[in-house]
Amino acid sequence: MDLNKKIELVKAAIEARNAAYTPYSHFNVGAALLTKDGKIYKGCNIESAAYTPTCCAERTAFFKAVSEGERNFVAIAVVGGKKDEPISELCPPCGVCRQVMMDFCDPCEFEVILASSKEEIKSFKLKDLLPLGFGPGNLS
Ligand code: THU
């Protein structure tokens, strides 16, 4: 994916982060998921007083998209950091979110884009973030 597209996706993730609901961790995450036909679904983390029902930004974006019928994805941008502060460190997706990606994305193709600012952007293939991942192919 070209750099301009990555920057656009990172900007969408930064916007998505503004809606994060984080009264417990005060750690706000935003994600922007790009479909093969060029649509962007945004997601933020949503916490719960019971803690375990918390949904990460990445899964919010995936579940929004999948529930609208989307099944083909190219990349996701993720940004996170302390609430009320600009992003300054990379925010890699948790293991549960990497596992959810395995169901809908080709691990050799799907890109996870992380940014610590609009200038520092790094991208990884899902297969490198979840080596030897268990996916739908293991059940066929
Ligand atoms: N979080 C995400 O939204 N995505 C990640 O990949 C890492 C963690 C959220 C969950 C929780 O609301 C807060 O960040 C602190 O863990």
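1. A polar side-chain atom of Asn45 lies 2.9 Å from an oxygen atom of the ligand, a polar contact being a pair of N or O atoms within 3.5 Å; within protein, one must be able to donate a hydrogen and the other to accept it, and residues adjacent in sequence count only if both atoms are side-chain atoms. This is a predicted model, in which local features need pLDDT of at least 70 and side-chain atom pairs count only at pLDDT 80 or more, while totals for chains, interfaces and linings use all residues. Residues are numbered from 1 along each chain as its sequence is written, and side-chain values use heavy atoms, with hydrogens and water left out.

2. Asn45 belongs to the loop between β2 (40–44) and α2, helices (H or I, at least four residues) and strands (E, at least two) being DSSP runs numbered from the N terminus. Asn45 counts as buried because its relative accessibility is 7%, the limit for buried being under 20% relative accessible area (1.4 Å probe, protein chains only).

3. For Glu58, a side-chain N or O atom is 2.6 Å from an oxygen atom of the ligand; for Cys94, a polar backbone atom is 3.0 Å from one. Elements giving two or more residues to the shell around the ligand are β1 (27–35) and α2 (57–67).

4. The residues around the ligand (a heavy atom within 4 Å) include Ser25, Val29, Glu47, Thr54 and Pro92.

Technical notes
Buried < 20%, exposed > 50% of the residue type's maximum accessible area, 1.4 Å probe, protein only.
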